[in-house]
Amino acid sequence: MEICSKYRRLSNCFGNDKVGEFRCCFHSRSSVRFRPMISSPTSRTGLSVRTWYLDFRVPPLFLHWGVTRALSNTIKFVGLLGSHALGSNPRFMATAVDLGREFVRRKIRLTYGGGNIGLQGAVASTVYNNGGRVRGFIPGYIATRGVYGPTYGVEYTVSSNYYKYFEMNHIVEAFIVLPGGIDTIEGLFTLISWASEGLHSRPIGLLNIESYFNNLIKFLDDAVRQNFMASNQRKLFISSFFVDELLDKLEFAKAFPGPGASYEEFSNPGRDVEEDADAGL
């Protein structure tokens, strides 16, 4: 491949149908990116489906074609927090089912709080019934009473909710939090506390269905602003309204944990800093 000027022609290593005029963009994290000069259809995240990346930051050389392909299979195990009730908004249930389907599509293994009811049950049943791997951690006193019903996949009994999160934290590579009440927020704040104490650095995704977590996100931002929370700890908390985008962001956070990495820059390759400055943006 030859690089010779600001506008470059990429050799036919991608095939004749993909040879065209490209712009080369250099970034602070020492990567180089090629993108077609002709605009093409975009996904919901705004990423051109005909965008190629050459990233020299991490060996070996990775060729990226879209965010999902670029970061596919980065995360294999996800821990789920959320309500054992369905809530009043039908969008909660529908999105939980969508999340389960996306787990299956990406071959992500689910670890959750056990049972077969509520939003957690909706995700677990979708994953399990479509051939996915599921395990549940549930406090013994809850399992004995059968409050949540039978657990999908393999069930592990622990002594308390604290140890449920403790065991999950040792298995998973990221967490996703669905809307929920006191139990859900207890688990989330346990993870927040552990992160602040340096006990874990796993990304935590808030699936912000119908803006449910807006006030919590504002709280986290205010905590950083008032110097009650470090910005690197705040960075662990990722939110999105959409299932696929949230998983893309978690994949990115795991693949590029450094402070200079930006998902927005990665997923919007059409943005040009120099052009923005010339335009007064």
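Helix 6 is followed by G198, whose phi is positive, near 75 degrees. The model is predicted. Helix 6 itself covers residues 182-196, which is 15 residues. From first C-alpha to last, helix 6 reaches 21 Å, close to the 21 Å expected at 1.5 Å a residue. Its buried residues are T184, G187, L188, T190, L191, I192, W194 and A195. An α-helix has 3.6 residues a turn, so residues three or four places apart point the same way.

Helix 6 packs with helix 5, residues 161-171. Two packed helices are described by the angle between their axes and the distance between the axes. The axes of helix 5 and helix 6 come within 11 Å and cross at roughly 55 degrees. The two helices are therefore oblique to each other. Their crossing is right-handed. Helix 5 contributes N161, Y162, Y165, F166 and N169 to the contact. Helix 6 contributes D183, E186, G187, T190 and W194. By class, the contact holds four nonpolar, four polar and two charged residues. G187, T190 and W194 of helix 6 meet helix 5 and are also among the buried residues of helix 6.

Helix 2, residues 90-106, meets helix 9, residues 243-255. Their axes come within 9 Å and cross at roughly 50 degrees. Helix 2 is therefore oblique to helix 9. The crossing of helix 2 and helix 9 is right-handed. On helix 2, the contact residues are T95, D98, L99, E102, F103 and R106. On helix 9, they are V243, D244, L247, D248 and E251. Four nonpolar, one polar and six charged residues make up this contact.

Helix 2 also meets helix 3, residues 118-129. The axes of helix 2 and helix 3 come within 8 Å and cross at roughly 35 degrees. This crossing, too, is right-handed. From helix 2 come F92, M93, A96, V97, L99, G100, R101, F103 and V104. They meet L119, A122, V123, T126 and V127 in helix 3. The contact has eleven nonpolar, two polar and one charged residues. L99 and F103 of helix 2 meet helix 3, and both also meet helix 9.

How values were computed: Residues are numbered from 1 along each chain as its sequence is written. This is a predicted model: local features need pLDDT of at least 70, side-chain atom pairs count only at pLDDT 80 or more; totals for chains, interfaces and linings use all residues. Side-chain values use heavy atoms; hydrogens and water are left out. Helices (H or I, at least four residues) and strands (E, at least two) are DSSP runs, numbered from the N terminus. The expected span of a helix is 1.5 Å times one less than its number of residues. Buried means under 20% relative accessible area, exposed over 50%, partly exposed in between (1.4 Å probe, protein chains only). Axes are lines fitted to C-alpha atoms, for helices over the stretch in contact, and angles run from 0 to 180 degrees between N-to-C directions. Angles under 35 degrees count as roughly parallel, over 145 as roughly antiparallel, 65 to 115 as roughly perpendicular and the rest as oblique. A crossing is left-handed if the near helix is turned anticlockwise from the far one by less than a right angle, and right-handed if clockwise. Contact means heavy atoms within 4.5 Å. Ala, Val, Leu, Ile, Met, Phe, Trp, Tyr, Cys and Pro count as nonpolar, Asp, Glu, Lys and Arg as charged, and the others, Gly among them, as polar.
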